[in-house]
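Biologist: Hi! I'm new to this one and would like to talk through its salt bridges. Could you bring it up?

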Amino acid sequence: MPSSSVPTSETVLIDLVHDLRQYLGNIETSAYCLGLVCDSAPPRVRVYLRTIEQQVARAEGRLSEAGAELGRLRAQRARNSEILALTNSATSAVT
């Protein structure tokens, strides 16, 4: 996804959101698998697994918000670039 038109900081954030989603998916899958084999475990184990699942869900929500904000910023930058290009062409036509 790196491009000369995409700022480095944006690329870092996009990669970070993607990587964190992958890690959270692995954590969620691990918690699910542990839940399958922990039927005879003490009730406290189930509480911990539910806590992990809830925290993963909250983190996924925050990442979705961050991804949406990145999308809005990219769209805004694209609109600003289009306006600048139109302004420049209109100005050059006048001069």
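Modeller: Let's start with glutamate 69, which makes a salt bridge with arginine 72; their closest N and O atoms are 2.7 Å apart. Keep in mind that this is a predicted model.

Biologist: Where do glutamate 69 and arginine 72 lie?

Modeller: Both sit in helix α2, 3 residues apart, which is about one turn of the helix.

Biologist: And how exposed is glutamate 69?

Modeller: Glutamate 69 is partly exposed, at 35% relative accessible area. Arginine 72 also counts as partly exposed, with 47% relative accessibility.

Biologist: What about glutamate 65 and arginine 62, what do their side chains form?

Modeller: A salt bridge, with 3.9 Å from N to O. These two residues are both in helix α2 as well, 3 residues apart.

Biologist: Are glutamate 65 and arginine 62 buried or exposed?

Modeller: Glutamate 65 is exposed, and arginine 62 is too.

Biologist: Switching topic: how many salt bridges does a search of the whole structure find?

Modeller: The search turns up 5. One of them pairs arginine 77 with glutamate 10, whose closest N and O atoms are 2.5 Å apart. Arginine 77 belongs to helix α2 (residues 43-94) and glutamate 10 to helix α1 (residues 8-37), so this pair ties together parts 67 residues apart in sequence.

Biologist: Nice! Is glutamate 10 buried or exposed?

Modeller: Glutamate 10 counts as buried, at 7% relative accessibility, whereas arginine 77 is partly exposed, with a relative accessible area of 28%.

Biologist: Which residues do salt bridges with shared partners join into one network?

Modeller: That network consists of Glu10, Arg74 and Arg77.

Key: Residues numbered from 1 in each chain as written. Predicted model: local features only at pLDDT ≥ 70, side-chain atom pairs only at ≥ 80, totals over all residues. Heavy atoms only, no water. Salt bridge = Lys/Arg side-chain N within 4 Å of Asp/Glu carboxyl O. Helix = DSSP H or I, 4+ residues; strand = E, 2+ residues; numbered from the N terminus. Buried < 20%, exposed > 50% of the residue type's maximum accessible area, 1.4 Å probe, protein only.
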